[in-house]
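Subject: Structure for you to look through

Dear colleague,

Please read them with the model open beside you.

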Amino acid sequence: MSTRIRSLSRVKRVVIKIGSALLVDRASGIRKTWLDAICDDIAALKSRGTDVLVVSSGAIALGRSVLSMPSGALKLEESQACAAVGQIALARHWAESLSRHQIVAGQILLTLGDTEERRRYLNARATLQQLLKIGAIPIINENDTVATTEIRYGDNDRLAARVATMAGADLLVLLSDIDGLYTAPPHLDPQARFLDTIEEITPEIEAMAGGAASELSRGGMRTKIDAGKIATSAGCAMIIASGKPLNPLAAIENGARHSWFAASRSPVTARKTWIAGQLQPAGVINVDAGAEGALKSGKSLLPAGVRAVSGNFHRGDTVSIIGAEGREIARGLVGYDAEEARRICGRKSNEIEKILGYAGRAAMIHRDDLVMTELGQREPAVADRKDAAHA
């Protein structure tokens with residue numbers, strides 16, 4: 001990967017994600033010196049023509065400090081109350097620090113649904129674009145005052161990746177308490193090797209962050225790799241770097257160690273970026289080896305290649321497609337409700353009308369509404385219109 005591409009100063013649009021521990025001290029509240037320093041970095045990038053968006057954690061931690069809440073686990077309603085207080089304080093601190101450079105801050109609070117539901121996704125994107133157009137810095141956080149477990153991201157790494165894809169960013173920077181990706185947790189394995197460049201997020205790379213069923217998958221590096229998959233597939237590179245020093249962005253620019261995740265060489269379209277980035281598919285469709293091969297070659301998914309259907313989804317919902325070996329290979333917008341999909345799975349397309357009583361779509365999922373999520377598989381060209389996935 002060339003130095004030119006890896007330089008922060010040469011990207012057109014960057015999203016910077018900041019963790020709570022970097023920004024808020026549990027005892028004293030906001031870490032103003034650190035905040036002022038990163039705002040200096042942001043101002044420097046902006047002065048060179050780079051659009052900057054910030055995904056800032058810290059509302060609950062800051063609200064907890066303002067309210068002098070005792071240590072220990074918080075109930076949901078206590079966390080939401082802390083977020084309500086903390087969001088105001090956090091936005092004020094960002095606005096004050098950026099105003100030192102005559103930069104205006106704009107606050108945006110998002111829930112999972114704002115980026116999972118297409119119309120709300122487009123509305124949020126339009127707001128981001130307008131803020132950037134008028135020269136403001138969007139300060140984005142999850143709306144923890146209203147988001148409950150089933151409708152929230154739960155981490156700002158993946159939220160930041162979704163913001164990066166919404167905004168069409170070139171680069172996503174995740175500032176953390178660790179300076180990058182290692183082959184194993186360095187605090188547990190002294191032989192862990194640091195990875196400077198990750199050209200593709202392979203199953204081996206995912207395993208280094210902890211498998212989907214491991215303890216590590218609840219946060220930490222696992223969510224950063226998940227963020228990387230969302231961002232890089234959309235053509236956005238990603239950096240994981242330590243945010244502990246003052247002026248961490250300047251430190252990266254000056255050669256501080258970090259892990260670089262290369263953007264996909266064949267990013268998917270904006271519509272397919274949204275499909276691929278869905279965090280909570282509404283259902284699962286298992287396909288046989290023949291259908292899997294057809295999908296990999298750019299065809300639609302027809303009912304004949306479907307082995308099983310699970311979930312309670314509706315037409316137009318995003319579903320996960322599981323291949324013959326039990327791994328997700330694609331995601332797509334399904335053309336049938338779950339019950340109808342179950343009735344026609346394994347059947348030929350010319351039988352659909354007889355089974356359902358009306359002439360439905362030939363494809364369970366049309367190739368225009370489908371994106372491959374497994375590495376090394378081509379996205380079909382627009383000119384490819386043959387729909388022969390297990391006819």
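Helices (H or I, at least four residues) and strands (E, at least two) are DSSP runs, and they are numbered from the N terminus. This is a predicted model, in which local features need pLDDT of at least 70 and side-chain atom pairs count only at pLDDT 80 or more, while totals for chains, interfaces and linings use all residues. Residues are numbered from 1 along each chain as its sequence is written, and side-chain values use heavy atoms, with hydrogens and water left out.

**The chain as a whole**

The chain contains 15 helices and 17 strands. Of its 391 residues, 51% count as buried, where buried means under 20% relative accessible area, exposed means over 50%, and partly exposed lies in between (1.4 Å probe, protein chains only). The chain exposes about 17600 Å², of which carbon and sulfur atoms supply 51%; these accessible areas come from the Shrake-Rupley method with a 1.4 Å probe, and for residues only the protein chains shown count as cover. Among the contacts in the chain (heavy atoms within 4.5 Å) that have a separation of 6 or more, 72% are between residues 24 or more positions apart.

**The eight-stranded sheet**

Eight strands form an open sheet in the order β5-β6-β4-β1-β7-β11-β12-β10, and the pairing in it is mixed; two strands are said to pair if DSSP finds at least two bridges between them. Its edge strands are β5 (105-110) and β10 (197-198), each of which pairs on one side only. The partner of β5 is β6 (residues 137-142), and the two run parallel over six bridges, with G106 having P138 as its bridge partner in β6.

Within this sheet, β1 is mostly covered, since six of its six residues are buried. R13, V15 and K17 point one way from β1, whereas V14, I16 and I18 point the other way, and all are buried. β1 runs parallel to β4 (residues 51-56), to which six bridges join it, and I18 stands opposite S56 there. β1 also runs parallel to β7, in this case through five bridges, and V15 stands opposite L172 in β7.

Residues up to four places away in sequence aside, R13 touches several others, including T50, L53, Q129, L132 and D170.

**The annotated binding site**

The unreviewed UniProt entry places the feature "binding site" at K17, S176 and D177. Although these positions are spread over 161 residues of sequence, they cluster in space, with a largest C-alpha distance of 12.1 Å. UniProt positions are given in the numbering used here, feature names are shortened, and annotations may be inferred rather than shown by experiment.

S176 is found in strand β7 (residues 171-176) and is buried, with a relative accessible area of 8%. D177 is found in the loop between β7 and β8 (181-182), and at 55% relative accessibility D177 counts as exposed. The side chains of D177 and S176 are joined by a polar contact of 3.1 Å. Leaving aside neighbours within four places in sequence, S176 is in contact with L22, K224, A241, S242, G243 and K244.

**The five-stranded sheet**

A further open sheet has five strands in the order β14-β13-β15-β16-β17, again with mixed pairing. β14 (306-311) and β17 (370-372) stand at its edges, each with a single partner strand, so one side of each is left without a neighbour in the sheet. Strands β15 (residues 318-322) and β16 (residues 328-333) pair in the antiparallel sense over five bridges, and the bridge partner of S320 in β16 is R331. R331 is buried, with a relative accessible area of 12%, and its side chain makes a polar contact of 2.9 Å with the side chain of E328.

With best wishes

Terms used: A polar contact is a pair of N or O atoms within 3.5 Å; within protein, one must be able to donate a hydrogen and the other to accept it, and residues adjacent in sequence count only if both atoms are side-chain atoms.
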